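Subject: Structure handover

Hello,

Here is the structure for you to look over. My notes on it follow below.

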Amino acid sequence: MSPLKQHISQILEQVQQMQAQNMDELEALRIKYMSKKGEIASLFSEFRDVAADEKKDLGMQLNELKNAAQERFDQIKEQLTAMREQQDKQDLTRTPDPIELGTRHPLSLVKEKIIDIFGRMGFTVAEGPEIEDDNHVFGLLNFAPEHPARDMQDTFFIDKQKGVQSPDDVLLRTHTSSVQTRVMLSQKPPIRVLCPGRVYRNEAISARAHCFFHQIEGLYIDRNVSFADLRQAMLYFAQEMFGHDTKIRLRPSYFPFTEPSAEMDISCNICGGVGCGFCKHTGWVEILGCGMVDPNVLEACGIDSKQYTGYAFGLGVERIANLKFRVKDLRLFSENDIRFLKQFESA
Ligand code: PHE
């Protein structure tokens with residue numbers, strides 16, 4: 001095969017495969033192949049020097065190439081024009097489909113309400129790390145070294161030296177009291193903080209327990225803070241949260257970091273205190289732990305326990321959400337099933 005013949009069929013192949021996304025690209029192809037200085041024109045000028053006996057055959061081939069190029073060019077042009085017409089028909093002034101709005105998570109709703117209520121009493125929010133050390137979670141809070149809460153059963157340790165307990169053991173916080181220790185270490189009284197956040201405990205997941213949940217703990221330290229102040233703050237909170245007829249009762253309890261300590265019940269908000277399945281027919285449901293900050297804790301955190309006293313409390317956000325929204329299965333709060341979450345749209 002003569003080199004010219006070969007060259008023609010090569011260009012023919014290229015021309016048949018021409019592609020263009022827009023008119024500019026198409027124009028570039030036209031210039032490359034079909035213009036006066038293009039590939040095809042230069043083949044025609046080579047053709048002039050071809051021997052007479054080859055002229056007929058090559059001439060036909062060249063004409064075929066020229067026609068094929070024109071055909072492919074017209075075809076692409078037609079497609080691009082049709083596409084553009086289609087686009088022109090779209091109404092660009094149309095408003096877009098509305099974006100579906102999400103809803104706030106029930107735990108966020110409850111958390112914000114609690115922060116709002118205590119905010120009115122002068123509490124501000126403090127936050128701290130979820131990955132903590134033993135000292136901030138237990139040590140400074142008067143937990144004895146052998147206290148069972150440190151046990152592997154309860155606490156997720158990230159870095160623990162085997163056997164010996166050390167203030168530097170790294171763990172996931174089991175309560176947000178750790179944020180309170182950080183505040184006490186870094187601020188001078190008066191202190192009035194709320195510490196919301198996620199906490200972790202090594203529990204099997206069921207309808208009633210989870211390996212993580214959310215707490216809000218509060219701490220108030222000043223001169224002359226008394227148990228009566230604690231009680232009044234708790235009563236105000238309960239009534240703002242569950243209605244003005246709500247009663248509270250404080251039962252003696254024990255926490256290493258408070259003395260005296262109490263557990264607080266509210267009159268059952270479902271039966272109004274007469275007794276129902278929810279409150280196990282007692283008329284009361286437990287909602288939080290509280291107490292006067294143990295002087296050992298104040299001293300460990302550098303606060304003079306002769307000048308200052310304080311109260312602290314801690315509650316589970318899921319627990320409050322359960323009471324408010326009557327969600328029976330705790331797992332629903334972390335599964336993020338849209339059918340569940342949608343129900344809180346107007347809450
Ligand atoms: N830290 C306690 C807990 O996680 C709750 C609490 C806080 C109790 C403050 C008393 C005072 O269970």
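Buried means under 20% relative accessible area, exposed means over 50%, and partly exposed lies in between, with a 1.4 Å probe and protein chains only. By that rule C279 is buried, at 3% relative accessibility.

First, the ground rules. This is a predicted model: local features need pLDDT of at least 70, side-chain atom pairs count only at pLDDT 80 or more, and totals for chains, interfaces and linings use all residues. Residues are numbered from 1 along each chain as its sequence is written, and side-chain values use heavy atoms, with hydrogens and water left out.

Cysteines

A disulfide is a covalent bond between the sulfur atoms of two cysteines. The test here is a pair of cysteine sulfur atoms within 2.5 Å. The structure holds 0 disulfides.

Ligand site

The ligand sits in the largest pocket. A pocket is found on a 1 Å grid over the protein atoms alone: it is an open set of points where a 1.4 Å probe fits, with protein on both sides within 12 Å along at least five of seven lines. A molecule sits in one if more than half of its atoms lie within 2 Å of the grid points.

How many residues surround the ligand? There are 13, and the closest are H175, S177, R201, Q215 and E217.

- S177: a side-chain N or O atom is 3.1 Å from a nitrogen atom of the ligand.
- R201: a side-chain N or O atom is 2.9 Å from an oxygen atom of the ligand.
- Q215: a side-chain N or O atom is 2.8 Å from an oxygen atom of the ligand.

Taken alone, the ligand exposes 320 Å², and the protein buries 90% of that. These areas come from the Shrake-Rupley method with a 1.4 Å probe.

Strands β6 (212–222), β9 (284–293) and β10 (309–316) each supply at least two residues of the shell around the ligand. β10 gives the largest share, 3 residues. Strands (E, at least two residues) and helices (H or I, at least four) are DSSP runs, numbered from the N terminus.

Backbone points

Two peptide bonds are worth a look. The bond from P189 to P190 is cis, with omega near 0°. P190 lies in the loop between α7 (177–186) and β5 (191–200). E259 and P260 are also joined by a cis bond, with omega about -5°. P260 is in strand β8 (residues 258–267).

Next, positive phi in residues other than glycine. N142 has phi near 75°. N142 is in the loop between α6 (134–137) and β3 (157–159), and is partly exposed at 27% relative accessibility. N336 has phi near 55°. N336 is in the loop between α11 (332–335) and α12 (338–341), and is partly exposed at 48%.

I117 is buried, at 0% relative accessibility. Its C-alpha atom is 82 Å from that of Q10, 107 residues apart along the chain.

Best wishes

Note on methods:
Near = heavy atom within 4 Å. Polar contact = N/O pair within 3.5 Å; in protein donor to acceptor, adjacent residues only side chain to side chain. 1 Å grid on protein atoms, 1.4 Å probe; cavity = no way out; pocket = protein on both sides within 12 Å on 5 of 7 lines; lining within 4 Å.
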